[in-house]
Amino acid sequence: MKKLTKACALLLAASLALCSVAFASDAQTTPDLKQQQADAITLFKTQYATAVEELAASSKADPWVKEMLSLATIAEPVAGEPDKKGAIPITAAVTYPLLLSGVDKNSVYEPKEAEAFVRAALLNAMLQKEEYTLNATVAFPEGKDPAFKWHSSKGFSGLKTKLTSKAKAAVNSFSAKTLVAAMAQYVLRHPVRNAKLNLKEGPHAMALKATAPGYNKMLSRSLRDTLARVAYEAKGPNTEEDTVISLFDEQIAAYATIFGSAKKAATDQAIALSFDPWALINGKNVDINTAVLDYRYAYDSEYSAYRDGVVTLATTLPDAPALPQPETERLEGGRSGTKVVLRAKKGDGNIMVRFIKNDEVKALGFVRDGARLTLYLSQGEYIMQVGSGNIWYGSEELFGPDTIATYSYDRVTIPSKKYIYTLTLGFAENPDDKDIMDTLDKGDFR
């Protein structure tokens, strides 16, 4: 019995000694494993950052993939237990936006709702996100640097493949005819035709093409017609500012419809668009204007300038009442000589024209907007002076403060009466564009 007890005591002592050795071994290896896991996580972050930078710098990479990856966020990597070969597995979840891959191609909108349609499409689609789990391993061979390896199918190449698929979906959604048409109308502010969007260069270099009215012509004519309405329909220089602006906006809408439907008035326009998804994804109280383009800002800037201009010009209208426009007629001049046909370009306003020879007025006529007038002049050289406007105040004030008075740089040569001499009278939209005409003070015209 004593021998058995002694044997048990020895066995217990040996077991305690074995446990002591085991605990000592754990105390030595656990800190090494934790350090390796920490080093593996650090190496993973470095490798991921490098891969993202290389993709961003690649000229061959899909720009949509670049954009989605630049907007992606990565969670803190997690290190697992060593595998059978001693390599430490690392996983990390990457969350990326789907951009516009959720746009409904069958959706429709009313023209006046273009802005709301574009806003809803962008916000609803861009706020969608998806997650991808990256996998890699880090081995720590004795006496060598750590060895990093992406998983063959679930590593960074797998993430690129996934993003490429989602990028194609984004491009397809952006190509939806209803979205492109609404975007074009929103950007150009007015009805458009033949809207197309080139997406090859990515969301920061999209090329929008559409047939639409040029805003400079539309704004300049709207300003002119607004002043006429202020003079004839409102209170002249005493018209309230809000009323002037309201009339101005009505004229813009009217010309947009006219120009948008008339083949000759509308022009093919190309606008570079750049969307900033950050403004949409991370912003609060997002203003869609922050996500869209230089052209929109250019139009808004021009609009503001013309709006302020029409308000100022309205206050300078004469206190005298505007008079009925004269009929298209010859006011001075004979009925013999070369037949001179004057055509007033439609939309450029009414025109008063005078021909001077040897400092004497040889012919004077008034031509209504879009009409034509025939005068007769003897053969020879003349200086032609032209006054244009939309509001008539009589022979003293002419067309009021918006009178455009010009004279020809070169003398007009009237041929013999065997010919019919035709002149089309019109004005450049930009007053500084004086290739043919130079400006005169309206006082010089009288």
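At 1.5 Å a residue, the 19 residues of H4 should span 27 Å, and the end C-alpha atoms sit 26 Å apart, which agrees; the expected span is 1.5 Å times one less than the number of residues. This is a predicted model, with local features taken at pLDDT of at least 70, side-chain atom pairs only at pLDDT 80 or more, and totals for chains, interfaces and linings over all residues. Residues are numbered from 1 along each chain as its sequence is written, and side-chain values use heavy atoms, leaving out hydrogens and water.

As for burial in H4, the buried residues are Phe156, Gly158, Leu159, Leu163, Ala167, Ala170, Ser173 and Phe174. Buried here means under 20% relative accessible area, with exposed over 50% and partly exposed in between (1.4 Å probe, protein chains only). An α-helix has 3.6 residues a turn, so residues three or four places apart point the same way.

Turning to the strands, E12 (residues 360-367) pairs with E9 (residues 329-332) in the antiparallel sense over three bridges, where pairing takes at least two DSSP bridges between two strands. Glutamate 332 stands opposite leucine 364 of E12. E12 also pairs antiparallel with E11 (residues 350-357), this time over seven bridges, and phenylalanine 355 has alanine 363 as its bridge partner. Two residues lie between the strands of the E11-E12 hairpin, where asparagine 358 takes a positive phi near 55°.

Elsewhere, an open sheet of three strands runs in the order E13-E10-E17 with mixed pairing. Its edge strands are E13 (372-377) and E17 (420-425), each pairing on one side only. E10 (residues 338-344) and E13 run antiparallel, joined by six bridges, with valine 341 partnered by threonine 374 of E13.

Methods: Helix = DSSP H or I, 4+ residues; strand = E, 2+ residues; numbered from the N terminus.
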